[in-house]
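Subject: Structure handover

Hello,

Please find the structure below, passed on for your own work. My notes on it follow.

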Amino acid sequence: MKDLKTYLESGILEQYVFGDLSNEEKLDVENNALQYPEVRKELEEIENALMSYARSNAIEPSEKVKTNFLNSINTIDQVNNSPSINTGGASLRNLQFYKYAFAASLSLLFLSGILLIDLNNKLNESYVQLAVLQSDNQKFSNQVNYKENELRDTKNALQFYKNPAAYKLVTLKGSAKAPEASLLVALNENKEEVMIDLSSLNMPSNDQEHQYQLWAMVDGKPVDLGVFDAKDDSTGMKRMKFIKDAQAFAVTLEPKGGSLNPTMDKMMAIGNI
Amino acid sequence: MGLKTKITLSEPELVHAIQKKDKSGAEALYDMYSSSLYGVIFRIVQHEEIAEDLLQDTFIRIWNSFSSYDASKGRLFTWMVNVARNIAIDKTRSKEFRNSSKTEDIENNVLTLDKKVNSEINPEIIGLKDLIEKLKPEHKIILDLVYFEGFTHVEVAEKLEIPLGTVKTRLRNAIITLRKVFN
């Protein structure tokens with residue numbers, strides 16, 4: 001270069017920095033900068049001076065510009081690679097946020113745990129109460145059944161006492177085996193009814209495995225008329241099965257539920273019609 | 001401001017971080033240069049909201065076309081201020097912009113701007129403001145037209161009705177004054 005000083009003072013380097021040169025002129029300056037350290041130094045000083053000038057005229061924009069900018073570009077978050085850089089306000093704020101969020105989640109978890117345990121206890125209490133109620137219910141329904149049976153027996157007795165003329169009364173007397181035993185049987189041929197008067201029953205109480213069975217003798221053959229229990233507090237009239245043309249009634253002690261044929265040596269009472 | 005930690009990196013570190021598309025690079029880029037670039041853009045468009053939109057556009061353009069920056073040909077800021085200025089000037093030439101902003105008195109704008117700059121709490125500026133006053137007014141007006149408003153030398157010569165050579169000399173002298181003050 002003929003005269004470096006003239007070149008430096010020509011103003012072309014300033015124009016280069018201002019971006020006010022044609023492409024050709026630009027390339028020329030860049031070549032000179034590579035070739036002459038003085039040119040490079042001069043350019044640097046111009047740039048630094050202008051950068052400082054710009055900084056002295058700086059105006060702070062509002063925060064939202066930064067947020068918008070960061071949200072609208074693609075970046076790679078390299079947290080682990082550069083820990084010194086990541087003390088930025090945003091990441092600190094994030095960390096702070098996650099801390100609180102974590103604490104809040106823990107509290108919620110704890111609270112739900114307590115509520116769950118409490119609910120479970122209440123549920124168990126309800127199960128117990130339900131079981132008690134069910135057992136009470138069963139008790140009542142048993143009582144109702146018992147009362148219904150009693151009512152039915154009482155009604156039968158009432159029918160008998162309302163119209164005694166229609167009934168033929170047969171008194172069964174104790175056999176050799178049980179001389180004390182006796183039982184009153186009422187027979188109504190018209191209504192086809194056979195009833196026994198439990199209040200007149202005078203027989204030993206049967207145990208759980210046995211029941212008394214009433215038989216009718218028809219043409220010398222025994223016919224089953226049903227079973228009954230003998231208890232101390234038995235009352236009322238119990239309706240039994242009916243058979244036509246019976247000549248006699250007899251009671252035997254049989255296994256629970258009754259037998260097909262009477263066990264003759266357990267004959268308790270017998271009476272002819 | 002000032003309470004918040006701003007990220008600062010050396011220029012080679014920053015360039016490297018931006019090339020890697022590192023998020024902290026984007027934050028550092030913004031923290032280090034947003035106010036300087038905003039100062040330039042605001043001077044050109046004279047409208048806060050528009051200037052902030054353009055500042056955002058500027059950073060997005062810088063980020064997305066960073067491959068066109070060549071560190072061997074100059075400092076990063078020189079390249080960025082050119083991007084910012086071009087975006088702002090393009091805006092002022094758009095029809096929509098000329099319709100919306102009434103031609104305002106330049107003197108008024110300078111007044112509001114000076115007020116705005118002064119109101120900023122920027123420790124770097126304190127003291128420097130006086131030194132800037134050393135710039136002769138006829139130097140300062142040319143420097144500001146070219147640097148902040150993107151006038152070409154020829155346009156300045158026409159606007160101020162002075163020879164092109166005088167523009168170049170005054171501009172050079174203005175920069176020499178700045179160099180004495182800052183460097």
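**Chain B: elements and confidence**

Chain B holds 10 helices and 0 strands. Read from the N terminus, its elements therefore run α-α-α-α-α-α-α-α-α-α. Please keep in mind that this is a predicted model. For the complex, the predictor gives an ipTM of 0.82 and a pTM of 0.52.

The average pLDDT of chain B is 81, and 79% of the residues score at least 70. Among the elements of this chain, helix α3 (residues 48-64) has the highest mean pLDDT, 93, while helix α6 (residues 106-119) has the lowest, 48. Over residues 103-108 of chain B the pLDDT stays under 50, and the model has 2 contacts beyond four places in sequence for them. Where pLDDT is low, the predicted coordinates should not be read in detail.

Of the 183 residues in chain B, 36% are buried. Among contacts in chain B with a separation of 6 or more, 60% are between residues 24 or more positions apart.

**Helix α3 of chain B**

With 17 residues, α3(B) reaches 24 Å from its first C-alpha to its last, close to the 24 Å expected at 1.5 Å a residue. Which of its residues are buried? They are A51(B), E52(B), L54(B), L55(B), Q56(B), T58(B), F59(B), I62(B) and W63(B). The cover over these buried residues comes from both chains: it includes α5 (63-71) of chain A, along with α2 (23-45) and α4 (76-93) of chain B.

In soluble globular proteins, nonpolar side chains tend to be buried together. The largest nonpolar core in this model has 60 residues, of which L37(B) and I41(B) touch the most other members. The largest share of this core is from α2(B), which supplies 12 residues. Beyond its neighbours within four places in sequence, L37(B) is in contact with L55(B), T58(B), M80(B), V81(B) and A84(B). Two of these, L55(B) and T58(B), are also listed among the buried residues of α3(B).

Another core lies apart from the largest one; it has 30 residues, including V185(A), A186(A), M203(A) and M268(A).

**The strands of chain A**

Strand β1 (residues 168-174) and strand β2 (residues 182-188) of chain A run antiparallel and are joined by 6 bridges. Within this pairing, K168(A) is opposite L187(A) of β2(A).

On to the next pairing: β2(A) is also joined by 6 bridges to strand β3 (residues 193-202) of chain A, again antiparallel. These two strands form a hairpin with 4 residues between them, and in the turn E192(A) has a positive phi of about 55 degrees. Which residue of β3(A) is the bridge partner of L187(A)? It is V194(A). Further along, L184(A) stands opposite D197(A) in β3(A).

What joins β3(A) to strand β6 (residues 237-240) of chain A? There are 4 bridges between them, and the two strands run antiparallel. Here M195(A) is opposite R239(A) of β6(A). In a regular strand the side chains alternate between the two faces of the sheet.

Regards

Note on methods:
Residues numbered from 1 in each chain as written. Chains lettered and ligands numbered in written order. Predicted model: local features only at pLDDT ≥ 70, side-chain atom pairs only at ≥ 80, totals over all residues. Pairing = 2+ DSSP bridges. pLDDT = per-residue confidence, 0-100. Contact = placed C-beta atoms within 7 Å. Buried ≥ 20, exposed ≤ 12 C-beta atoms within 10 Å, placed from the backbone. Expected span 1.5 Å × (residues − 1). Core = buried A, V, L, I, M, F, W, Y, C linked by C-beta atoms within 7 Å.
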